[in-house]
Amino acid sequence: MRTLFYILQKEFAQIFRNKGMLPIIFVMPLVQMLILVFAATNELTHVDLAVVDYDQSISSRKLVDQITGNPFFKVRQNMTSTIEAEDLLMRTKVDLALVIPHDFDKDLAINKKAEVQVLVDAINGSAAQLSFGYLSNVIADYSQKILINSAIPEQGQIKKIVIKPTYWFNPQLIYKFYMAPGILVILITVIGFQLGGMNLVREKELGTIEQINVTPIKKWQFIAGKLLPFLAIGLFDLGFGLLVARLAFNIPIRGSLFLLFGMGAIYLILVLSLGLFISTISDTQQQATFAAFFMTTVFILMSGLFTPVESMPDWAQKLDYANPLYYFVKIMRSVLIKGSGFFDIFNEFAALSVFATTMFCSAIFMYRKTS
């Protein structure tokens, strides 16, 4: 243990001597949390809508007024033709165009039904679906009001089914509560890969690794000495990120912080071991950076952070069982937002523990001491 203690002393001294390391440890978590949580969102809070009203009747104006009263829509009502609305769509000046045909009011009075046309800019598929869904709901609500107002008294009032949804854990559907835990996962992943992995390769490039190799320290002591300082730094950044998320976004922390940091420690051991594994088979920082960047990008995109895993193809969902970010994103959201306990996340805990042990042993095995 004395040998390990001296290695840790050397690593901490080396870390804090590196002036470029401190901004990464202290500044990066603050900037990443304050910027990415706002930027990485799928919420749609503003939709530009062009309205072409050929009918200019009381019914069409009521429909337009109901849409205008919805805070999601910014309505342009001075369109004179469908061609003008299509031109705005082509130039991405509006997201939707609503065309109310001639005889809209007459068709409602005689046939009890009428048609409208909705043109959607579908370059962004998810935004197109959301904006069209918002507009469809407003039109359906307007149609329901017409049916109720035109009901014949002798037949009795039309009964309406009212749905009152209850959203658990995030009643206001605040997207920041969903994104902040995932951004924290990216934060400590980047620290584990970039800082932990690059540290060993840097010693190779500087030549100081040769001085260590001729000493009688064991391989596991050297790898553990490289891992533990960055484990402490990663846990510090996890706590710092949680503090920023709590103060800046008022994110709920319903679960046990002790459980969260315990899971974070296991995940960091896994990520740091993976970074050290890459370092042992790399000769330069450039090689290690490329390998770490490739793996980080794949892990993040397939973790379910930005898109639900359930919407991925079956082969991708099965491949995700080997993705450590997939498990830790679930753990972070479950513990923070749902208040899950240990047995609720036991499967994720078991997977991360197996991966961490495997990668730590692999990093030790792949490290070669030369004398």
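This is a predicted model: local features need pLDDT of at least 70, side-chain atom pairs count only at pLDDT 80 or more; totals for chains, interfaces and linings use all residues.
**Exercise 1.** Find how many salt bridges the model has, and describe each pair.

Solution. 
- Step 1. The count is 3 salt bridges.
- Step 2. Arg91 pairs with Asp87, with the closest N and O atoms 3.0 Å apart. Arg91 is partly exposed at 43% relative accessible area. Asp87 is partly exposed at 38%.
- Step 3. Asp141 pairs with Lys145, and here the closest N and O atoms are 3.8 Å apart. Both residues lie in helix α6, 4 residues apart, about one turn of the helix.
- Step 4. Lys330 pairs with Glu348, with 3.1 Å between the closest N and O atoms. This pair links distant parts of the chain: Lys330 is in helix α13 and Glu348 in helix α14, 18 residues apart.

**Exercise 2.** Decide whether Lys330 and Glu348 are buried, partly exposed or exposed.

Solution. 
- Step 1. Buried means under 20% relative accessible area, and exposed means over 50%.
- Step 2. Lys330 has 35%, so Lys330 is partly exposed.
- Step 3. Glu348 has 10%, so Glu348 is buried.

**Exercise 3.** Describe the surroundings of Thr280.

Solution. 
- Step 1. Thr280 lies in helix α10 (residues 257-280).
- Step 2. Thr280 is buried, with a relative accessible area of 13%.
- Step 3. A polar atom of the Thr280 side chain lies 2.6 Å from the backbone oxygen of Phe277.
- Step 4. Beyond neighbours within four places in sequence, Thr280 contacts Leu200, Lys204, Ala363, Met366 and Tyr367.

**Exercise 4.** Locate the nonpolar surface patch and the helix giving its largest share.

Solution. 
- Step 1. The patch covers about 640 Å², and its residues include Phe26, Ile35 and Phe236.
- Step 2. Helix α2 (residues 21-39) gives the largest share, 7 residues. Ile35 lies in this helix.

How values were computed. Residues are numbered from 1 along each chain as its sequence is written. Side-chain values use heavy atoms; hydrogens and water are left out. Patches are made of residues with over 30% relative accessible area and no salt bridge: like charges are joined within 9 Å, nonpolar side chains (Val, Leu, Ile, Met, Phe, Trp, Tyr) within 5 Å. Accessible areas come from the Shrake-Rupley method with a 1.4 Å probe; for residues, only the protein chains shown count as cover. A salt bridge is a side-chain nitrogen of Lys or Arg within 4 Å of a carboxyl oxygen of Asp or Glu. Helices (H or I, at least four residues) and strands (E, at least two) are DSSP runs, numbered from the N terminus. Buried means under 20% relative accessible area, exposed over 50%, partly exposed in between (1.4 Å probe, protein chains only). A polar contact is a pair of N or O atoms within 3.5 Å; within protein, one must be able to donate a hydrogen and the other to accept it, and residues adjacent in sequence count only if both atoms are side-chain atoms. Contact means heavy atoms within 4.5 Å.
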